[in-house]
Amino acid sequence: MSILQLVANGLVLGAVYALVTLGFVLVVNATGAVNFAHGDLVMAGGYAAILFGSWIKLPLLLLLPLVALAMFVLGVLVCCVAYFPLMKRPPSTVFISTLLTGIILQNTYVVAIGPEVKAGPPLLQGSNLPLGPVVLSPQAIATVMVAALLIGGQYLLFFRTPLGRQLRAVAQDREMAMAIGIPAFRLIAITFGLGAALAGVAGAVLSNQFFVSPTGGVSLSIYGYIAVVIGGWGSIFGAVAGAVIIALFQVVASAFVPYTVATGGLYVALLVILFFRPQGLFGERIQRRV
Amino acid sequence: MSVSSAGYEQRGAPTLLAQPLRWLGHGVNLPLALGALAFAVYAGRAGAYELRLLSVAGAYAILVIGYQFIFSYAGAASLAQSCFFGLGAYMTGVLGATYGFGSEITLPLSILAPGLLAAAVAGAVLRLEDHYFSLATLAITLLVTLVVTQWLSVTGGTNGLSGIPSFSLFGQTVASRYDTMLLVWGFVVAAALLALLILRGLYGRAFHLMRQSRPVASALGLDTARMRFSAFVLSGCYGGLAGALTAHVTHVISPEQVGLPLMITCLTMTVIGGRMSIAGGILGALLITHLQEQFRFLEYYAFIAYGVATLTFLVLVPNGIVGSLEAIRNRLLPTTADPIAEPTVAPALDSHFADQGETLLEVDGVSKAFGGIQALSDVGLALRRGEIVGLIGPNGSGKTTLINIISGLYDSDAGRLTFAGHDISRLAAFRIARLGMMRTFQHIHLVDEMSVLDNIALGWAGVGGAGLRQAFRAFGRNDSLKQARDYALTAARALGVDHCLADPCGALPYGTRRRVEVARALIAAPKLLLLDEPAAGLNEEEQRDLAQRIKAIAATGTAVLVVEHNLVFLAALAERLVCLDQGRVIAAGLPTEVRADLKVIEAYLGTAA
Amino acid sequence: MTEAQTVLSIEGLHVAYGSVQAIENVSLVVNRGEAVALIGANGAGKSTLFKAAIGLVRPRSGHIALDGRALDRISARGRALLGMGYSPEGRRIFPGLSVRENLEVAVRRGARDRAERLAMAFDLFPALGAREASLGWQLSGGQQQMLAIGRALMGRPRLLLLDEPSMGLSPKLADEVMQAVRRIVGDGTAVLLAEQNVVRSLGCCDRAYVLEIGRIVLSGAADALRESEAVRKAYLGG
């Protein structure tokens, strides 16, 4: 396989990971909370795609809004259970609660649907398209476009709209935000809903090529976490860049070394980045005046 | 949390009976003693299966106690605990099963290996804050899991190792289930006692302050990096021990015991049992281990219920079972403080003052910029022994920045700082504190649940050399804590807070809290005391009182640098004033001169005052 | 003063933190067109009173009303929307938002005169206009205080609660803030100002209440209080 094809595949995978990471970063930006059940929510989206796909005979691309809606509701539910009751506690507590929520979700999948790996419906049917030196499936192209659309949308939301300003204000000082009239709780719930919706879309999109399983979400949560740290805590573009970097690394490295070595290399690279540049490649620490 | 119990030891040797009786009266020690009794009875009549379970629970108890060092006390959410466990287990497994070494070799190695790993990565990992730290420890766990599953020849890969021998010491094997259980729980008791030793003394108490604010802890001379390092390495060693013992008990080991599943179990036990309590850790381990077994037949439904239960606990019972029991007990039977006796010897001040006119602090050409803003430009000042100097200037003039640079919390971009003959320009804050410079902060950080006396005593923790080694040497007699409390009494008297020594700081009025904070900075008889806006928030009577006390402190030879806006407060106090405006010194000299200086008047009041 | 003139009315307020009685049986009013000072040493309960007024802390008993409307069941957010502005102790501006964004985020969604409101803030505090794009954490204490007040005014409040605005500010800056307070009152927003500095607060306010350990021990017109021996004793400790 040519190196260009490898890079192209890596970029497509990067788009998928970026979709996964988007929802993760959204919640982190708005609440400061790391939702370790995010990957499991991605799986939920995959399962939703499979279920809806079997009930309604439409291409997945058209079913995405339905998946997003269902996942939005699930996200609000997770917020009410794992976040709201623990808002006043140290961040590590929320970390743990989301970890536990993930366990609950994973086992619910096994009990409700079964432990086997399943494949979801494709976004678009069709044969591979040659694009210059590389070959991509319509599925891959659609994936990249969906990702690009959502990434751009999220940036615009956060930095160019009043809602985004309010979300950031809530993240920085929730009590004060309320005292100036911002409906903080509502916004936090919306944030979790949006994050879950993004996760669901990501899960639906990757369900065809990357499959869905009860424990498949764990590594995704980890990758999301890594992407955010590499890219810089709180930076959307940084997280996307981080996601693409992870994907490229995996795809390109896997062509030359066994998969497990590539994964191990990823963890080592993460440690190196944390050691030399803990604020991430693109991030900036907010300095506190002591 | 035992931090709140205000039990001071009485002078003179207590009767043999009084000591254990008093111990029973504290916290939840009585129910625990009863529980231990019940445990002993149960263990005596248990069958092989129950004994095995008890042993495993004991090993997990050690795991949790070790985890509390880094998670609860140092406040860092480490995800490497299961990794340490796994390392210890595999060390014992590989060396014992494959090579046939006895426990006299495998056990120390199983404890050492994770400890070494922790030490090796600590430098890189502990510098990181919060999420970064958690992620780094997670990455390490994942890496080790990967290595373990791939290194088929040594570790048996995903299938793990079996046939691990029982514990054996120089050929003598501990074969029976009952003896194994006794052995494991013997280790548990030893591990618990060691933890008690470390955590209940002055050193352990210092962790509470460090968790609240690392800069404040550093400024009091506490080497916070070393503290976190010790906590992390200890957690590693305890984890390794737990893993080794488990391997001896169950005779098998698999990669699952290295990765996330065990880590989550460890977290669950810590949360449910009680974060800050050693007894809670033991209880959590016992409870969860047995529950897991009971409900094993339910399989996945059990995991769901298990997750829900832990989540519920997390939300509704945050201090865990033991923590909640202690809280209930404290409300029903409030602890009365034992009377504090007079210190038999008032601690003498170090005679580290060479001569009267010795220049103690010299600041020369210091500049500092934040982002694009020049906070300080070419600032200089000097202090002599016993002098009181006021640092004044309008808001934004750089006063707090200068204090932070002097005390070592920031580094200057340019310039030189000399203190007591040492170049402190690039020296870490805690080292500067240990040279004899103490300070207070604009926002007061005290450990609210601790008594006034103990909060003041914390000021001695960094300087008096409280550390792991000292804790070991004390062997439970808490010498450094006693000594610190003695000195704290003297400092409390100097600040007039000796009437409320047993009160928890959280309930005190603001003015008293400020005095406690100053007393904490004073306890180690510093050569230089930096006070950052000490009068803010005090009424006029309190201000006058504080000014008098500061004068008395200076009269003993301590130099004082006071940052203040309040010129009335400084008027009675300062011998010299230095005025900053927009990062530069615009006037310096006698108070009357500086206050009359036109530049100063303009900076503060605007033109044509 | 008729009912219609009373902007804020607090009656029989009790606030406790655990077993510590922070506010005991406090009653006060603020009328339209007034600046009222709440004087007291730290620990007297000024900030607690404000937090109860804005709804961040729930009182044990007592009534709070804004423009005659009872606030007892209304959340902090609701009170802000009803016309209460709050500049807290320590300013608490949003550190990661720019000056402009700090102001904009406080303007209600759907308000049509956003540009005018921002202009009003920059007019009141010209120093802010020069640093419009700076992030909150980059500002000095004085600039943050101005931003906090400006932000509190973005909702066009009927009442502004100002908690210790001059804390940590030089006398010159503090006086600027007090002058701004007079302008704000003149523009139609009543002000309740918590301060430790007796002279400064009495200098810019019409009336004052003196708070000591959670209780109102003295009240009256600023002029009268300024001369009063009782104020000296109660507050300055004789």
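Select Tyr86(C): this residue stands opposite Leu161(C) in β7(C). The model is predicted, and local features need pLDDT of at least 70, side-chain atom pairs count only at pLDDT 80 or more, while totals for chains, interfaces and linings use all residues. Residues are numbered from 1 along each chain as its sequence is written, and chains are lettered from A and ligands numbered from 1 in the order in which they are written.

**The sheet of chain C**

Strands (E, at least two residues) and helices (H or I, at least four) are DSSP runs, numbered from the N terminus; two strands pair if DSSP finds at least two bridges between them.

Continue to β8(C), which runs parallel to β7(C) and is linked to β7(C) by 5 bridges. Here Asp163(C) stands opposite Ala194(C).

Now display the whole sheet, an open one of 6 strands in the order β6-β7-β8-β3-β9-β10 (chain C), with mixed pairing. β6 (84-87) and β10 (215-221) of chain C are at the edges with a single partner strand each, so one side of each lacks a neighbour in the sheet. From one strand to the next, the twist averages 15 degrees.

Return to β7(C), where 5 of 5 residues are buried (20 or more other C-beta atoms within 10 Å of the residue's own, with C-beta atoms placed from the backbone). Leu159(C), Leu161(C) and Asp163(C) point one way, and Leu160(C) and Leu162(C) the other. In a regular strand the side chains alternate between the two faces of the sheet.

**Helices on the sheet**

Next, select residues 46-54 of chain C, helix α1, which lies across β3, β6, β7, β8 and β9 of chain C and runs at about 150 degrees to β7(C). Helix α7 (residues 171-186) of chain C also packs on the sheet, touching β3, β7 and β8 of chain C, at about 155 degrees to β8(C). Such angles run from 0 to 180 degrees between N-to-C directions, with axes fitted to C-alpha atoms, for helices over the stretch in contact; contact requires C-beta atoms, placed from the backbone, within 7 Å.

**The two domains of chain B**

Finally, colour chain B by domain: domain 1 covers 50-269 and domain 2 covers 359-605, with bounds from an automatic or database domain assignment. Their centres, taken over C-alpha atoms, are 41 Å apart. The contact takes 20 residues from domain 1 of chain B and 30 residues from domain 2 of chain B.

Technical notes:
Contact = placed C-beta atoms within 7 Å. Buried ≥ 20, exposed ≤ 12 C-beta atoms within 10 Å, placed from the backbone.
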